[in-house]
Amino acid sequence: MSEFWFFLEVLLSGMFAGTMYALVALGFVLIFKASGVFNFAQGTMVLFAALCFVGFLEMGLPIAVAGIISIGIMIAWAFAVERLVLRHLVNQAPIILFMATIGISFFLEGFGEFIWGGDVHPLDIGIPNGAWFVGPEGVMLIDQFDLSAAVIAGVLVLSLALFFHYTRIGRALRAVADDHQAALSVGIPLNRIWVIVWSVAGFVALVAGIIWGSRLGVQFALSIVALKALPVLILGGFTSVPGAIIGGLIIGTGEKMAEIYGAPAMESLVTALSGTDSVSLGGVEEWFAYVIAMFFLLFRPQGLFGERIIERV
Amino acid sequence: MFYREAGIYKTSYAADQALFRIPLDRIFVIGLIAVAYVVVPMVGNQYWLGSILLPALILSIAALGLNILTGYCGQVSLGTGAFMAAGAYMAYKFATNVTWLPIPVVIVLGGLCAAAIGVAFGLPSLRIKGFYLAVTTLAAQFFLLWLFQKVPWFVNYSMSGVPTAPPREIFGVLVTGAEATPAARYIFVLTFAVILALIAANLVRGRIGRTWMAIRDMDIAAELIGIKPLNTKLSAFAVSSFYCGVAGALWSFCYINTVESSAFDIFRSFMILFMVIVGGLGSVMGSFLGAFFIFLLPIALNNAATTFGLPIATETITHIEFMVFGGLIVFFLIVEPHGLARLWQIAKEKLRLWPFPY
């Protein structure tokens, strides 16, 4: 029976990890929907936002002030990106824009470390950090931190969905996402929409960064982990917010399962095949997400909830 | 004035189809190769040969490989480092288990293994494209490196997990391993670079290269005129991974002298992508220019800081390096999407009119 509870615990912790990926992926989806740019720099933006936040906290500013200044910085960043990069790359092939965002990502990483230094900054803003024991005789452990992170992610997604659906700006964003030219022709300012959407992505990045940072410490080495948002994204489909969440859950649970149950199985297989022992195959987590995404795309190139890709000559 | 195309008459098909149709071009390239072979080893010291030219040449080979895939066939890959690692590890297996094989054969075999792996990871490209494909190549990057790190078979069950590259000789001269002189290693790598560059230059202007470019420009249209996407895309993956594999094997055997996966991490993959973008997508010459530029830039930054006596910590220089890299990529994509190779071309056009432009 306790095995079942252990399974449940692994499942849950995987799902929580998935919500963390989904938080990063959400920023990607926002920008992709509104501007068709696959923003590789989202992961770096997460860390940059968190680094600014921590930096201001360490200067002794209260949490609210630090948060507001960080949001301000992310909005300024959105303006800079639109003015200096996107505006000059209108009408370029999507892949050129993609490579430009790789450049942006490198720049931002260097810039962030240049200003705030490359050390690991611990971050604690009072998210509960204990654990609950549930099930018979408390065999199952639920991390309160994970749970709060999941709640924050849920609230964020819900408010974004409402924002998209009911506000004037939200409607404009959806119009731009549907068709750039049609949106322009009814008088929606494309450039301003881009700034707005990059700012919103910056805000999402800040929230994600704070949660990630409280968990793992704020440092740029995390950008490798943030890359995991990419498979989450292609699994869910680029254009779908629920897709990002569900993709995150699938990837998060999948890789935890693979780590806990798959790795020992593979180890015994390798041991049986090669006749040697002491093979350790831990770290399946590093690549599992990408491999799932790869196989998944073979069968469904547009992802789970993505729009069907129609190509014309 | 000095560089002219006018007045050069081709009287045979062979002359019309030659690799360098203008005598000045031919003389320049042959001269460059001659200088690289004869003058550079005589003038260059240990540091220049072993720590600057050697790695820059190896990275040029890798950039050439990625350029074939991304620049000519239009498939973006972020897994270059993994294919380099595949070449390095498989070459190591061949070198240690089949000891009588001559070292160039070992390195080519490493490249062929990388090509096979590249084809396997290129299979998704038949269904997906663009950045979807870029993300799936990350699967190659993370999975292969994990595999080489964790399965001890690849390093012959070595205890440390980081074996040293075995010393091997050609014509009685050591060319790999730590004991080989930088000059010998440099000549060895240069030979690979020259031969591979010539092969690439001929591939891309032949039938295969044209099918690659057709697929890059518009794959559906290419399919309609009878180009098979399967053969074309997979051949691009195979050739590209072969080049990367050879580069990886040379990197391990001739430059760092150990076979370790950390040399081929994702940062390496990005570096090589940057080389291709800065050098020029779809240009053989550009791969070399880009590789030298991106490899030399941090060294130049470091030296600039020390020469001017600026009190900058090495860490800060690394951060500035990142910023400069990122800025350069964006700059090149905006201002000159065809990279250094295009600048070179513009320079040639200017020279043609100089000193009497109309």
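Modeller: Start with one term. A residue is buried if 20 or more other C-beta atoms lie within 10 Å of its own. Keep in mind that this model is predicted.

Colleague: Which residues of helix α8 of chain B are buried, then?

Modeller: Helix α8 of chain B covers residues 207-217. Its buried residues are B:Gly209, B:Thr211, B:Trp212, B:Ala214, B:Ile215 and B:Arg216.

Colleague: How do I read the spacing of residues along a helix?

Modeller: Here is the general idea. An α-helix makes a turn every 3.6 residues, so residues three or four places apart point the same way. Now try that on the buried positions of α8(B), among them B:Thr211 and B:Ile215.

Colleague: What do the buried residues of α8(B) pack against?

Modeller: Other helices of chain B. They pack against α3 (46-72), α7 (182-205), α9 (219-224) and α10 (229-256).

Colleague: How is chain B divided into domains?

Modeller: The domain assignment gives domain 1 (1-42) and domain 2 (44-353). Their C-alpha centres lie 26 Å apart. Nine residues of domain 1 and 13 residues of domain 2 make the contact between them.

Colleague: What classes of residue are on the domain 1 side of that contact?

Modeller: Eight are nonpolar, none is polar and one is charged.

Colleague: Let us turn to chain A. Which elements does it have?

Modeller: Chain A holds twelve helices and two strands. Read from the N terminus, the order is α-α-α-α-β-β-α-α-α-α-α-α-α-α. Chain A has 313 residues, and 45% of them count as buried.

Colleague: How much of the contact in chain A joins residues at least 24 apart in sequence?

Modeller: Take the contacts between residues at least 6 apart in sequence. Of these, 74% join residues at least 24 apart.

Colleague: How should I read the interface between the chains?

Modeller: Interface size is often given as the accessible area lost when the parts come together. Here, count residues instead. In chain A, 44 residues are in contact with 41 residues of chain B. On the chain A side, α4 (94-116), α10 (229-236), α11 (241-274) and α12 (285-299) each supply at least two residues.

Colleague: Which element of chain A gives the most to that side?

Modeller: α4(A) does, with 17 residues. By class, the chain A side divides into 32 nonpolar, eight polar and four charged residues.

Colleague: What confidence scores come with the model?

Modeller: The model scores ipTM 0.81 and pTM 0.87. For chain B, the mean pLDDT is 86, and 98% of its residues reach 70 or more.

Notes: Residues are numbered from 1 along each chain as its sequence is written. Chains are lettered from A and ligands numbered from 1 in the order in which they are written. This is a predicted model: local features need pLDDT of at least 70, side-chain atom pairs count only at pLDDT 80 or more; totals for chains, interfaces and linings use all residues. Helices (H or I, at least four residues) and strands (E, at least two) are DSSP runs, numbered from the N terminus. A residue is buried if 20 or more other C-beta atoms lie within 10 Å of its own, exposed if 12 or fewer, and partly exposed in between; C-beta atoms are placed from the backbone. Two residues are in contact if their C-beta atoms, placed from the backbone, lie within 7 Å. Ala, Val, Leu, Ile, Met, Phe, Trp, Tyr, Cys and Pro count as nonpolar, Asp, Glu, Lys and Arg as charged, and the others, Gly among them, as polar. Domain bounds come from an automatic or database domain assignment. pLDDT is the predictor's confidence in each residue, from 0 to 100.
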